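Please look through the structure below before reading my comments.

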Amino acid sequence: MLNLERLRTLDALARHGSVSGAADGLHVTTSAVSQQMAKLEREVGQRLLARNGRGVRLTDAGRLLADHAARILSQVELAQSDIEAQRGEVVGEVRICAFPTAARGLFPTMLTSLRADHPDLTVRTRELEPEQGLRAVLRGDVDLAVVLDWSNKRLPVPGGLAKAELLDDAPDIAMPAGHPLADRDEVELEDFADDEWVSWPEGEFCYEWLMFTLRSRGIEPRIAHLAGEHHTQLALIAAGFGVCVAPRLGRGPVPEGVRLVPVRQTMRRHVHAVWRTDADRRPSVRAAVKALRAAASGAGVAAGGA
């Protein structure tokens with residue numbers, strides 16, 4: 001009989017494309033992945049992996065069994081969801097990820113609520129950027145992801161995922177207090193055509209959004225500094241090194257010497273929760289979504305100014 005954990009290892013290998021990727025996704029060592037695959041090959045009596053340069057690839061038999069493994073694991077998840085739903089108790093473990101400002105702005109309230117309402121539920125959280133979060137949900141590495149997109153640049157949500165809107169976040173422009181536009185009540189992005197920008201790192205969804213948005217307004221971005229943390233971005237602004245987009249969710253204290261001014265045009269981040277549709281019936285997932293919505297409604301996304 002095929003071992004479910006070994007099928008899970010094969011499925012992770014097929015999804016991640018490497019032993020190290022599968023190990024990371026399963027939170028085990030690479031040697032554990034190799035051992036599980038060796039045992040699975042003995043069980044089926046065929047080679048499932050072949051050398052491919054310094055890595056490995058699935059053989060024809062490996063791909064065939066991986067396809068079956070994905071369907072089997074999906075059915076197991078459905079069975080677990082049905083059992084949890086039939087029992088009606090919020091127990092077990094739920095794994096949640098979010099992009100950094102959402103983790104900072106929503107997780108403390110969400111976790112406090114879940115601990116009070118469902119003490120037998122274990123919640124594991126981690127930070128992941130939106131596109132990484134979607135992939136983690138699809139792979140089964142997490143049960144729920146908090147992701148974002150922008151009013152003028154949407155983040156495609158693949159089939160097989162459900163989505164719930166949490167909140168809209170209207171960012172401001174952060175600039176040094178001595179900036180010529182610091183006393184304005186509102187600004188437009190075109191006002192900063194000659195300014196240097198502090199941005200998110202290249203490759204991140206928000207970096208791509210900033211490039212797309214500025215260029216769509218006829219501005220060729222002058223990116224001077226890259227920083228993943230908003231606190232780092234604002235520290236650079238306080239020291240006089242450019243301007244940046246400053247979302248309100250999870251913002252925290254604004255450094256002295258930074259002025260925040262709303263953007264006149266509608267410019268909003270849409271924050272969503274996504275999860276696999278085959279986990280829809282799990283009380284733990286439904287409870288986590290409910291807690292996230294409550295945290296979002298009370299997030300108190302701040303107004304501009306500093």
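1. Is Asp149 buried or exposed? Asp149 is buried, its relative accessible area being 2%, where buried means under 20% relative accessible area, exposed over 50%, and partly exposed in between (1.4 Å probe, protein chains only). Asp149 forms a salt bridge with Arg154, with 3.4 Å between the closest N and O atoms, and this partner counts as partly exposed at 46% relative accessibility. A salt bridge here is a side-chain nitrogen of Lys or Arg within 4 Å of a carboxyl oxygen of Asp or Glu.

2. A note on the model itself: it is predicted, so local features need pLDDT of at least 70 and side-chain atom pairs count only at pLDDT 80 or more, while totals for chains, interfaces and linings use all residues. Residues are numbered from 1 along each chain as its sequence is written, and side-chain values use heavy atoms, with hydrogens and water left out.

3. Searching the whole structure gives 18 salt bridges. One of them joins Arg282 to Asp143, with the closest N and O atoms 3.0 Å apart. Arg282 lies in the loop between strand S12 (269-276) and helix H9 (283-297), and Asp143 in the loop between helix H6 (130-139) and strand S5 (144-150), so the pair ties together parts that are 139 residues apart in sequence. Helices (H or I, at least four residues) and strands (E, at least two) are DSSP runs, numbered from the N terminus. Arg282 counts as buried at 7% relative accessibility, and Asp143 counts as buried at 2%. Both residues belong to a network of salt bridges that also links Arg95 and Arg276.

4. Another salt bridge pairs Arg104 with Glu229, where the closest N and O atoms are 3.6 Å apart. This pair links distant parts of the chain, 125 residues apart, with Arg104 in helix H5 (residues 100-117) and Glu229 in the loop between strand S9 (223-226) and helix H8 (230-238). Arg104 is partly exposed, at 30% relative accessible area, and Glu229 is partly exposed too, at 33%.

5. Helix H6 deserves a careful look. Its buried residues are Pro130, Gly133, Leu134, Ala136 and Val137. Seen down the axis of H6, these residues fall within an arc of 160°, so they line one face of the helix; the arc is that of the directions from the helix axis to the C-beta atoms. The buried residues of H6 pack against strand S3 (92-98), S5, strand S6 (161-169) and S12, contact meaning heavy atoms within 4.5 Å. After H6 comes Gly140, whose phi is positive, near 85°.
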